[in-house]
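We'll go from the whole chain down to single side chains.

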Amino acid sequence: GPNVMKGYLGREDLTAEVVLDGWYKTGDIVRADSDGRYTYSGRRDRMVKRRGYRVELGEIEVALSKHPDIREVAAIAVPDEESGVRVWAFVVGNQDSKLSIIALKSHSSKNLPPYMIPDVFSVMDNLPRTSTDKIDYQALKSRCD
């Protein structure tokens with residue numbers, strides 16, 4: 001419709017960035033089932049829909065990293081039958097810090113809107129890393145049981 005395509009009419013360069021073979025590049029990752037239905041399996045970016053809001057997981061990480069005793073943090077979202085998605089925050093404290101779940105929740109409630117506060121906090125010694133020394137979010141997902 002006119003609202004969707006506004007700004008793209010006659011701009012093949014912009015259209016090529018967001019449309020592929022007639023499909024919009026939304027960032028959603030789907031797979032086709034054998035009977036032709038599509039199953040949603042995630043997003044290319046780190047944005048999730050939670051409690052009716054779009055949430056960028058990086059914003060949660062930034063807010064938590066402002067805590068003076070946190071050295072490193074990673075936030076991930078995992079599917080949940082009851083709520084749709086649960087947010088897990090994995091945190092690594094500074095040397096000799098004693099991070100408590102109560103302190104983390106309190107800090108979160110002061111720095112994040114309620115719909116962005118993680119459901120689960122996990123304090124770790126180190127975050128898993130990929131071969132390129134980035135946080136291994138897939139390894140963290142395997143710890144969410």
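Start with a surface view: the accessible surface of the protein comes to about 10,000 Å², with 50% of that belonging to carbon and sulfur atoms (areas by the Shrake-Rupley method with a 1.4 Å probe; for residues, only the protein chains shown count as cover). This is a predicted model, in which local features need pLDDT of at least 70 and side-chain atom pairs count only at pLDDT 80 or more, while totals for chains, interfaces and linings use all residues. Residues are numbered from 1 along each chain as its sequence is written, and side-chain values use heavy atoms, with hydrogens and water left out.

Now color by burial. Of the 145 residues in the protein, 31% are buried (buried is under 20% relative accessible area, exposed over 50%, partly exposed in between, with a 1.4 Å probe and protein chains only).

Next, select 70-80, 84-93 and 120-124, which are β7, β8 and β9. Together they form an open sheet in the order β7-β8-β9, with mixed pairing (two strands pair if DSSP finds at least two bridges between them). Which strands stand at the edges? β7 and β9 do, each with a single partner strand, so one side of each has no neighbour in the sheet. Look along the sheet and you'll see a twist that averages 20 degrees from one strand to the next (axes are lines fitted to C-alpha atoms, for helices over the stretch in contact, and angles run from 0 to 180 degrees between N-to-C directions).

Zoom in on β7 and β8. A hairpin of three residues joins them, and they pair in the antiparallel sense over 10 bridges. Click V78 and its bridge partner in β8 turns out to be R86; P79 stands opposite V85. Though β7 is at an edge, eight of its 11 residues are buried, so this strand is largely enclosed by the rest of the structure.

Bring the helices back. α3 lies across β7, β8 and β9, at about 145 degrees to β7. Helix α4, residues 101-111, also touches β7, β8 and β9, and its direction makes about 125 degrees with that of β9.

Stay on α4 and show L104, H107 and S108, which are buried. They cover an arc of only 100 degrees around the axis, which puts them on the same side of α4 (the arc is that of the directions from the helix axis to the C-beta atoms). Their cover includes α3, β7, β8 and β9.

What is L104 in contact with? Leaving aside neighbours within four places in sequence, pick I70, V91, L99, F121 and V123 (contact means heavy atoms within 4.5 Å).

Last stop: the largest nonpolar core, with 20 residues, where L57, I60, L64 and L112 are among those with the most contacts inside it (a nonpolar core is a set of buried Ala, Val, Leu, Ile, Met, Phe, Trp, Tyr and Cys residues joined through side-chain atoms within 4.5 Å). α3, β7 and β8 each give two or more residues to this core. Apart from it lies another core, of 12 residues, including V78, M124, I135 and L140.

Definitions and conventions. Helices (H or I, at least four residues) and strands (E, at least two) are DSSP runs, numbered from the N terminus.
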